[in-house]
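Subject: Structure for you to look at

Dear colleague,

Here is the structure that I promised to pass on, and below it you will find my notes on what turned up in it. Please read them with the model open beside you.

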Amino acid sequence: MNPRTWRHFAATCMSHVIACGRTRFCQEYREVSEMLRHVRAVHDSVLKGFVLFFGVLVGFIAVTVSMNIVLRLIGVSTVEWVGEVAEYSIYVGAFAAAPWVLRLGLHVKIDILSKTLPRAGARALDMFADFVGLTVCLSIAYFSAGAAYNAFESNSAIYKSLVIPEWPLLAVIPASFLLMAIEFVLRIVDSKPDAADAAPVSGGF
Amino acid sequence: EEVTIRAVSGWTAGSIIASRYEDFIDKLNERGKGLVQIDYLGGAPAIGSPVQIVKKVKGGVYGMAYVTGGWYTNVLPEADFFKLSEVDIAELRQNGGYEYIQKLHAEKGLHYLGRTYDTSPYYLYLNKPVDSADLSGIDIRVSTAYQAFFTELGASTHSAPVPEVYTLMERGVVDGFGWVAEGIFDYSWDQVTKYRVEPGFFTGNGHVLMNLKLWESMSEEQQAMLNEMMLELEQGNYLVAENDAKEIARQTEAGIETIVLPPDQAKIWSETARRVGWEEARKINATVADEIRGFITRP
Amino acid sequence: MEWYLALLLMLAIIAVGMAIGLPVAFSFIGANLIGMVVFMGGTGSLEFLSGEMFESVAKFSFLPVVLFLLMGEILFQSKVAFRAINAVDILISRVPGRMSVVAITGGTIFSSLTGSTIANTALMGGVLLPDMLKRGYDPGIAMGPIMATGGIAMLIPPSALAVLLGSLAYIPISSLLVAGLMPGMLMAALFLGYVLIRCTINPELAPVQESVETLTRREKWRPFLVYVLPLMLIFVAVVGSIFGGIASPTEAAAIGCVAAVIAAAAYRSLSFDVLNTALSETAKVASMILLIVAGSTTFSQLLSLSGAIQGMLGFVDGLNLTAFGAVLMMLCVLIFLGAFMDQVSMLLVTLPFFLPIAHAQDVNMLWLGVLFLVVMEVSLLTPPFGLLLFVMRGVAPESISMLAIYRAAIPFICLEVLVLFVLFLFPELALWLPSFL
Ligand code: NA
Ligand code: NA
């Protein structure tokens, strides 16, 4: 076999291998991104549900607080737990809704630096911020899960006009931060612009 | 060797209530050189929520704390019973109550050093007069500590944050609120309050707690030193009553009239407080409630 | 650790976090993780962060914040506010810069119904801006009043931000709400005066159109009577119930929500969709605010625990400032921060320092609260980071550059600073109304 034929053969083989590899890679990539899309879809609908849940809690607060005013004005004794339940509601609701707010990119941030950097630099900076965010979320999730577990172990409760075990309340934070950690992971592996850039419909503050 | 204890207060650093504890710390640091030193980190809410403090003491983050019973029911639910005390700490140390309380705390990883403020009741402050223990038709801003008591007397209750109390009283949204003798002037409530009702009900209570492991790790000499200092602090408890009397005189001067309920009504008032208080206590832990009642009340 | 090192460490962490574009809430929480390990008691203390976050958010004081958000959102999503603006549009005629005047009056009316500056700007921008540009209005005179009036919403009650400030700074909420009314009206008047003068001097800024003139007086007033006046009942219900001693601020906010739903229903604009959107949007904004609150509360607690605050107080004490000097310093710091930060964050970063200073100097907290509100309003417009500038970017056509938006805001920033100055010299402007409470 002369060197020339040999070189030709080698080149053909190489290109074949590369092409083959590329299709396989493409396929795998497609599978992975398909899977990611699926994860996102599930993740998203769960998170949206939590937002509406908080919204309904706020509506419930408005109704029960108003109800107490009416009760007081007509001289009937008011419902004692309204204030307490409202307090728990805004806490649980705020952390339940937080992951979707993060997904939309609505948690206020100061992106002056990333806006002035060139595209590649901005991308790297965003990636870095996402990693920091992921670290923060995982740390909070880990240590707060410990707190919730300890509260569960020691049976601690909050004694107000309602007696409520402490652990479900404390479990809200690790759950919320775990969901937000997932969001940061999704951002890192599957870079996507903030959905918020598309359409802000909110009245804001 | 010298031990350094990281200490916090549940009351605002520099406030009247915290100041006795802060003096106690100063004296400790002076006399305890080479033995015990206190690193005082400050008071709630600046350093964190008061209801989270004892958890941190239990977890060993802080070594010592000064708190009221209602703030650590999330660690020791029975701590709320202290508001029903009718005897002072000196008597508790005699009648075995101190050991009983110590045992309750030890089970939760806490050491009960001692107690102050056991002679300082809550009062009902009003902007319209009452002449009996029947409070129906009266709206009262309450905290959890005494909501059940006022509900039992027929009042309708209102939960609201402390900073809102001024406006609520001024606008007449509520007719009254419960509070101890001290603090009325701090929130300018003297401007919107016309009456204070005698008798008082329940009692304010302040406790010095320590992390149990830290306590057990200390030498006998160090423990003795802390005990001795605590006894000194407790002996000053009568000063609290004196101070309350001064504070009430100042209120009278500022135009807050004292309504003294007639004896029969006062009896209903006090007995309702006692009955409702212990009923609530028994809901939390009937066994401990019955046992501790023998120590902290008079038959 | 020396107090200034502790301070530097904590501030450096959030500064880096914010600079790399980490959301503000996460910057705070990240700083808290490190601060707890350093100042509270090693990694063992991290377990207690969730408890502190729970205590900082589960507060009765935040209920009116959330409820005022909901109230504005219902009026916004149900388009009731939209029709009110149109009615004002029809009513006002033959003044120089007519549509800019409409933006200011309409915006001020909507301010009394919503606590939200963003909703206000978005609404006005969406309703009026395209029309103004089509009619050949100068972009500056078109966008400026819309953005500026948007900010008035947080000054005139109801205001979610005022409630937040009041509950964090222990200023009586009702007083603070009422105190913002006069400065807010003064600001609206100044904006109005500015637009009238500019458009009289240079009519080309705002070309006059003829079409509206054909309407009869009846046709002009009817929409106003139908779509605007009844809405004032909502304002009366909210502010009146506080004044009348019927309700606490929390309850007044709940009354406002119910009134908003009734209004939307009366105009046949209430649907399941509207309610759904209003509730969800409220949830998003409330969650955003409360997460920052959760992060920053613990942050300031750690500053206190580390001794940084006491050290700084001692330092400021050594400067021998007068109360006026101290307040001036705070305002300057806030104006500077306001160029880079949002309102909630700047408030929460600075309050741990400012409150003790103010108390030490015996400053009137109500007056200080209103000054803070006005500064926050200024910061809504100051480049590069001004929320209302971004909202305007969102509703303005592509052809308008960010620079043009900045330029449009500048005269109004000056007017707002003027109000700030007047308020600084004449505290009565803010304190007079609450004295009737
Ligand atoms: Na408003
Ligand atoms: Na700004």
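Glu251(C) lies in helix H14 (residues 249-266) of chain C, where helices (H or I, at least four residues) and strands (E, at least two) are DSSP runs numbered from the N terminus. This is a predicted model, in which local features need pLDDT of at least 70 and side-chain atom pairs count only at pLDDT 80 or more, while totals for chains, interfaces and linings use all residues. Residues are numbered from 1 along each chain as its sequence is written, chains are lettered from A and ligands numbered from 1 in the order in which they are written, and side-chain values use heavy atoms, with hydrogens and water left out.

With a relative accessibility of 6%, Glu251(C) counts as buried (buried means under 20% relative accessible area, exposed over 50%, and partly exposed in between, with a 1.4 Å probe and protein chains only). Glu251(C) forms a salt bridge with Arg72(A), the closest N and O atoms being 2.8 Å apart; the term stands for a side-chain nitrogen of Lys or Arg within 4 Å of a carboxyl oxygen of Asp or Glu. Apart from neighbours within four places in sequence, the residues in contact with Glu251(C) include Val65(A), Ile69(A), His158(B) and Val173(B), contact meaning heavy atoms within 4.5 Å.

Across the interface of chain A and chain C, the rule finds one salt bridge. The contact between these chains takes 61 residues from chain A and 70 residues from chain C, and the two bury about 5,500 Å² between them, 79% of it on carbon and sulfur atoms (buried area is the accessible area, with a 1.4 Å probe, that two parts lose on being put together, summed over both).

The aromatic rings come next. The whole structure holds 43 aromatic pairs over all chains, counted where rings of Phe, Tyr and Trp (its six-membered ring) have centres within 6.5 Å, with planes under 30 degrees apart called stacked, over 60 edge-to-face and the rest tilted. The ring centres of Trp221(C) and Phe224(C) are 5.6 Å apart and their planes stand at 85°, so this pair is edge-to-face. These two residues are three apart in helix H12 (residues 217-227) of chain C and are therefore separated by about one helical turn; Trp221(C) is partly exposed at 42%, whereas Phe224(C) is buried at 15%. Phe324(C) and Trp367(C) also form an edge-to-face pair, 6.0 Å centre to centre with 75° between the planes, and this pair links distant parts of the chain, 43 residues apart, in helix H17 (residues 323-338) and helix H19 (residues 365-379) of chain C.

Cis peptide bonds, with omega about 0°, join Ala44(B) to Pro45(B) and Pro157(C) to Pro158(C). Lys79(C), which is not a glycine, has a positive phi of about 65° and is found in the loop between helix H4 (63-77) and helix H5 (80-91) of chain C. Asn320(C), likewise a residue other than glycine, has a positive phi near 55°, and Asn320(C) is exposed, with a relative accessible area of 67%.
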